[in-house]
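Good morning, and thank you for coming.

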Amino acid sequence: MNWKRTYPWVGLLLGAVIAGSGCSNTTDHGAASSTSPSASFSDASSTVKPAAERVLKDALGHEVKIPANPQRIVVSYLEDHLVALGVKPVAQWSVGNGKSVQSYLQKELDGIPTIPSDLPFESVMSFAPDLILMDSAELVAGDKYAQYAKIAPTFTVGSGVNNDWRQEFMTVAEVLNKSEEAKKVLENYDLKVKEAKEKLNQAIGTKSVAVLWVTEKTVYVPNEHLSSGDVLYRDLGLTVPEEIKEISETATANWNPITMEKLAQMNIDYLFIVNSKGATKEEILKDPVWAGIPAVKNGRVFEYDRTSSWLYTGAIANRQMIDNVLESILKEKTSKP
C-alpha cells in the first residue's frame with residue numbers, strides 16, 4: 001500500500017488529482033485518540049487478551065519491541081488497515097500541505113491531523129508516537145530506519161515492491177494484537193465478495209469490465225493483480241480486457257498509463273471512470289478516442305470522482321468498490337430492457 005509504488009503519479013496529487021476533504025494541515029495533537037469501535041467490519045466482540053509488551057521480527061529482520069498497548073501510532077499509508085481494526089492513528093497520510101487525504105476514510109478519520117506522506121522525521125517527532133508502522137522497505141531505506149527507531153519502536157510491515165493487502169493487513173493486526181478481529185474482518189469481506197460475485201455472474205456473465213483513471217494529461221489502467229484490478233478480476237471474477245492483461249504482464253505499479261491507440265481499441269462492455277480530469281464525463285467522452293468502446297456506445301459508463309476509494313486498497317476501500325460495482329451494474333440492468 002506504499003504510496004510511492006501505488007501512486008507513481010504523486011506529483012499529480014499535489015494539484016487536484018485527489019481532492020482534499022477540507023482537512024486542515026494545522027496540527028492539533030490532542031485531536032486524535034488511538035482506538036474507536038469498528039462496527040462496520042467486526043460484528044462480534046473478541047475476548048480481550050491481557051496486554052503485554054512483545055518482541056516481533058519485522059519484514060526487514062529487525063526485532064522490534066512492541067508496546068503493550070500503543071496509544072499514539074504513526075503509520076505510512078496504512079490507515080485503511082487500522083480503521084478496519086477499530087484503531088485510529090495519531091496522524092493521517094496527506095499530500096499538498098495537508099489538502100489531499102484519503103477522502104473515503106474521512107468518516108472515521110475526521111479530525112485526525114495530517115502528516116506529510118513522506119513522514120519527515122521532525123513531523124513524526126512532533127506527534128510523540130509510541131509506535132511507527134511502515135508499509136515498505138522503501139520508506140526506511142538507508143539510515144532512515146535507524147532515525148525513525150530513535151523516535152519510537154519502528155516496524156516495517158512489508159518488503160516487496162507491492163505487498164498483498166491481506167497479508168499486510170494480518171501483519172498489522174498481529175503487531176496490534178488484533179489477529180482475531182482481523183480474521184473476522186476478512187471473513188466478512190470474503191462473504192461480501194462471494195455474494196457480489198454471484199449477483200454479477202447472473203447479471204452480466206462473462207462481459208468485460210474495466211476501470212480507467214482519467215487525469216488531465218493521461219489515462220491509467222489498473223494492474224490486473226493490484227488495487228482495483230485485484231478487486232474486479234480476482235475477487236469478483238470479472239472478465240479482464242486484453243489490453244489490461246497485456247500491460248499487467250510487465251507492469252509493477254498499481255496504475256499504469258495506456259496509449260490513446262490502445263484505449264481506442266479496448267473491448268469493454270462496462271466501464272468505470274475515476275474522474276480526475278476536471279471535466280464532466282460527457283466532455284471526456286466527446287473525444288473521438290472513446291467512440292469505439294462498446295461501453296460508451298451502449299451507455300454503460302459509470303463515473304466516480306477522486307474522493308472515491310477506487311485508487312486505494314484495503315478491506316474498507318475494496319468493500320466500497322464492490323458496492324459501487326453492484327449499484328452501477330445492477331441498476332443499469334434493471335433500468336434497461
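Predicted model: local features only at pLDDT ≥ 70, side-chain atom pairs only at ≥ 80, totals over all residues.

In what order do the three strands of the open sheet with parallel pairing stand? The order is β3-β6-β7. Two strands pair here if DSSP finds at least two bridges between them. Strands are DSSP runs of E with at least two residues, helices are runs of H or I with at least four, and both are numbered from the N terminus.

Residues are numbered from 1 along each chain as its sequence is written, and side-chain values use heavy atoms, with hydrogens and water left out.

Axes are lines fitted to C-alpha atoms, for helices over the stretch in contact, and angles run from 0 to 180 degrees between N-to-C directions. Strand β6 (residues 131-134) runs parallel to β7, and three bridges join the two. Within this pair, isoleucine 132 stands opposite threonine 154 in β7. Helix α6 packs on the sheet and touches β6 and β7, and its direction makes about 140° with that of β7. Contact, in this talk, means heavy atoms within 4.5 Å.

Proline 153 is found in the loop between α6 (144-151) and β7 (154-156). The cut-offs are under 20% relative accessible area for buried and over 50% for exposed, with partly exposed in between, using a 1.4 Å probe and protein chains only. Residues up to four places away in sequence aside, proline 153 touches Val64, Lys65, Pro67, Asp130, Leu131 and Ile132. Aspartate 130 is 23 residues from proline 153 in sequence, and their C-alpha atoms are 6.8 Å apart in space.

I now turn to the other sheet. Five strands form an open sheet with mixed pairing, in the order β10-β9-β8-β11-β12. At its edges stand β10 (255-257) and β12 (301-305); each has a single partner strand, so one side of each is left without a neighbour in the sheet. The twist in this sheet averages 30° from one strand to the next. Strands β8 (residues 209-214) and β9 (residues 219-222) pair in the antiparallel sense over two bridges, and valine 214 stands opposite valine 219 in β9. Helix α9 (residues 227-235) packs on the sheet, where it touches β8, β9 and β10; the direction of α9 makes about 165° with that of β8.

Serine 227 lies in helix α9. Its relative accessibility is 4%, so serine 227 counts as buried. Among the residues that serine 227 touches beyond four places in sequence are Asn254, Trp255 and Trp310.

Why is strand β11 described as largely enclosed by the rest of the structure? Six of the six residues of β11 (residues 270-275) are buried, so the description applies. On one side of β11 are Tyr270, Phe272 and Val274, on the other Leu271, Ile273 and Asn275, and all are buried. In general, side chains in a regular strand alternate between the two faces of the sheet. Strand β11 runs parallel to β8, with six bridges, and parallel to β12, with five. Leucine 271 stands opposite alanine 210 and has valine 301 in β12 as a bridge partner.

Which residues have the most contacts inside the largest nonpolar core? They are Leu133, Leu271, Phe272, Trp290, Trp310 and Ile329, in a core of 101 residues. Such a core is a set of buried Ala, Val, Leu, Ile, Met, Phe, Trp, Tyr and Cys residues joined through side-chain atoms within 4.5 Å. Helix α8 (residues 179-204) gives the largest share, nine residues. Tryptophan 290, neighbours within four places in sequence aside, is in contact with residues including Leu212, Val214, Val219 and Leu271.

Finally, the whole chain. It has 14 helices and twelve strands, and buried residues make up 54% of its 337 residues. Thank you for your attention.
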